[in-house]
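Have a look at it first, then read on.

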Amino acid sequence: MTVSRQEQYFNLIDQLMRCPNGEEPNLLTAHSELIDQGFIESLVQVSTMMAHENNPDGAKFLIHVARELAKELGLYPEAPANS
């Protein structure tokens with residue numbers, strides 16, 4: 001039986017939450033095959049759940065990761081620079 005992609009996303013999110021500070025980029029690089037729009041949506045979903053469960057720090061962390069990955073994938077619009 002294979003693990004569904006959604007379960008792989010949640011597994012990676014769990015690993016992100018438990019990894020030592022500063023090791024997140026290495027963990028994400030090691031699982032680069034999972035970094036896609038679905039993973040970003042899962043990050044937002046879990047961060048929303050954390051916010052509702054009174055874990056604002058965890059929620060902020062996951063939103064930050066989601067935003068950075070979305071920028072890298074070209075899914076997050078950059079604000080135009082004011083001249």
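## The overall picture

Keep in mind that this is a predicted model. The chain has 4 helices and 0 strands, and if you read along the sequence you get the pattern α-α-α-α.

How much of the chain is buried? Of its 83 residues, 29% are buried. The accessible surface comes to about 5,800 Å², and carbon and sulfur atoms own 52% of that. As for contacts with a separation of 6 or more, 58% of them are between residues 24 or more positions apart.

## The aromatic pair

How many aromatic pairs does the structure hold? It holds 1. The partners are Tyr-9 and Phe-39, with ring centres 5.8 Å apart and ring planes at 55°, so the pair counts as tilted. For that label, the angle has to fall between the stacked cut-off (under 30 degrees) and the edge-to-face one (over 60).

Tyr-9 sits in helix H1 (residues 5-18) and Phe-39 in helix H3 (residues 37-52), so this pair ties together parts that are 30 residues apart in sequence.

Are these two residues buried or exposed? Buried means under 20% relative accessible area. Tyr-9 has 6% relative accessibility, so it counts as buried. Phe-39 is at 0%, so it counts as buried too.

## The largest pocket

Now for the largest pocket, which has a volume of about 210 Å³. Which helices each supply at least two residues of its lining? They are helix H2 (24-30) and helix H4 (56-72). The largest share comes from H4, with 6 residues.

If you want to find the pocket on your screen, click through its lining: Glu-24, Pro-25, Leu-28, Thr-29, Ser-32, Ile-35, Phe-61, His-64, Val-65, Glu-68, Leu-69 and Glu-72. By type, the lining residues divide into 6 nonpolar, 3 polar and 3 charged. Pro-25, Leu-28 and Phe-61 are among the lining residues and count as nonpolar by residue type. Glu-24, Glu-68 and Glu-72 also line the pocket, and Glu counts as charged.

Terms used. Residues are numbered from 1 along each chain as its sequence is written. This is a predicted model: local features need pLDDT of at least 70, side-chain atom pairs count only at pLDDT 80 or more; totals for chains, interfaces and linings use all residues. Side-chain values use heavy atoms; hydrogens and water are left out. On a 1 Å grid over the protein atoms alone, a cavity is a set of points where a 1.4 Å probe fits but cannot get out, and a pocket is an open set with protein on both sides within 12 Å along at least five of seven lines; lining residues have an atom within 4 Å of a point. Grid points are joined across faces, edges and corners, and a volume is the space filled by probe spheres set on the points. Rings of Phe, Tyr and Trp (its six-membered ring) pair if their centres lie within 6.5 Å; planes under 30 degrees apart count as stacked, over 60 as edge-to-face and the rest as tilted. Buried means under 20% relative accessible area, exposed over 50%, partly exposed in between (1.4 Å probe, protein chains only). Contact means heavy atoms within 4.5 Å. Accessible areas come from the Shrake-Rupley method with a 1.4 Å probe; for residues, only the protein chains shown count as cover.
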